[in-house]
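Let's take a walk through a protein model together. Have a look at it first, and then we'll go through some of its details.

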Amino acid sequence: MKKLTFIITALFNAFFASAQSSNYSELIAKSADKVGQKVIAWRHDIPQNPELGNREVRTAELIAKHLQSLGIEVKTKVGVTGVVGLLKGDKPGPVIALRADMDALPVEEKNGLPFASKVKTMYNGKETSVMHACGHDAHVAILMGVAEVLASMKKDLKGTVKFIFQPAEEGAPNGEEGGAYLMVKEGVLENPKVEAIFGLHINSQLEVGSLSYRPAGFMAGASDFKITVKGKPSHGAYPWLSVDPVLVASQIVVSLQQIVSRNIKLTDNAAVVTIGAINGGNRGNIIPEQVEMLGTVRTLSNEDEELIFNRVRQVAEKTAEAAGATAVVELPYTIRYPVTFNDVALTKSMLASLQKSAGVENVLLIPSVTGSEDFSFYAQKVPGLFFRLGGMPKGKDPKTAGPHHTPQFMIDDTAFKLGVITFCNLVFDYAEVSKK
């Protein structure tokens, strides 16, 4: 009899929890509808006023005022211009963090939108146009909407939600610290200590209504590097009097491409070694004294990163030495982002929440990608789940959609509601899963 009573009680509790979860989801969906036009309005405002990394002053003020209007505890100037909001639910539970990045890029907008940016500013000593060419404006607007929905559900909220609005995801200006690294360094995951963190990135080549994810290594670790090849200058008519750094640099570029094709086990993970800039000399008839090269390394495991770092140094230094030149390798040079690693257990336990938000058929398991994200710094410290949100209009060919970091980048306003719903569902569902 006791056993039967236990079974009946367990079934009742499971049914009650399921019904309760369903009620929360329905309320979240209705609240997302109500805040939808605000989210779109914010998203139309922010790209007209884009700001580069560590300079997101207006964006931060907009966020802080909105959070304060909701009764959320706000801290500003975290990691230079970051904003952190703390919403304490009326019921006990975990501390969950949600993150949105705020910075724009030095790109001139050419997508024809009525709210396209016309802003210009100084970047690395040069005047440049500024554009939200990666969708961070949408991330900010979505998380502002999430904050409003969750604040309206405070009486039902179990635990605490920490809203992290982060500057400089694309990298801090030269000579400055910034981004997720600096926010973690300044204690954004502490006081109160975060138990799990969730982040999203809108994608201009993934159809609206879809989410994509991957457990474990989702996005590549990224490090930039600089190679300075030093030779001996000469008149271009007398190359035998020189040690030509241009020729040596060319040989290094070609040899670096063999690292991925011959040293990396590509059946396990992809990897990239790219030289994106070569600078040296100023006339066709003068062999310069030195050449500088800038590049990037992308890997999906710490082991591959170590191997490639060692091989880049070896290839550059030994190739130069064989020609009588020298090569100075700075790797990393200005940035190093770890692999964006989705905690396997967390991803598995929250998959149902993603599927509930978008529909099972619209949640896509995808291969790892060689783009990078500094969300990785948070996920190094606490279990994290980072996923993509579709922003491409339905029926559009991904090949014709404006890619990220280009003047043609464009996303559909109808994408944002799913972002709000998914974040909110993750908060409520994680609070239930974490008790088990």
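**A tour from loop to core**

N191 sits in the loop between α4 and β7; helices (H or I, at least four residues) and strands (E, at least two) are DSSP runs, numbered from the N terminus. This is a predicted model, where local features need pLDDT of at least 70, side-chain atom pairs count only at pLDDT 80 or more, and totals for chains, interfaces and linings use all residues. Residues are numbered from 1 along each chain as its sequence is written, and side-chain values use heavy atoms, with hydrogens and water left out.

Back to N191. Its phi is near 50°, a positive value in a residue other than glycine.

K77 lies in strand β1 (residues 73–78). For another cis peptide bond, go to L331 and P332, where omega is near -5°. P332 is in the loop between β15 (326–330) and β16 (336–337).

Now head inside. A nonpolar core is a set of buried Ala, Val, Leu, Ile, Met, Phe, Trp, Tyr and Cys residues joined through side-chain atoms within 4.5 Å. The largest one has 68 residues, and among those that touch the most other members are L98, V146 and F423. Helix α3 (residues 136–152) gives this core its largest share, 11 residues. Leaving out residues up to four places away in sequence, V146 touches L98, F163, G419, V420, F423 and C424, where contact means heavy atoms within 4.5 Å. There is also a second, separate core of 27 residues, which includes V297, V312, A316 and L331.

What about the cysteines? C424 counts as buried because its relative accessibility is 0%, and C134 counts as buried at 9%. A disulfide is a pair of cysteine sulfur atoms within 2.5 Å, and by this rule the count is 0.

Technical notes
Buried < 20%, exposed > 50% of the residue type's maximum accessible area, 1.4 Å probe, protein only.
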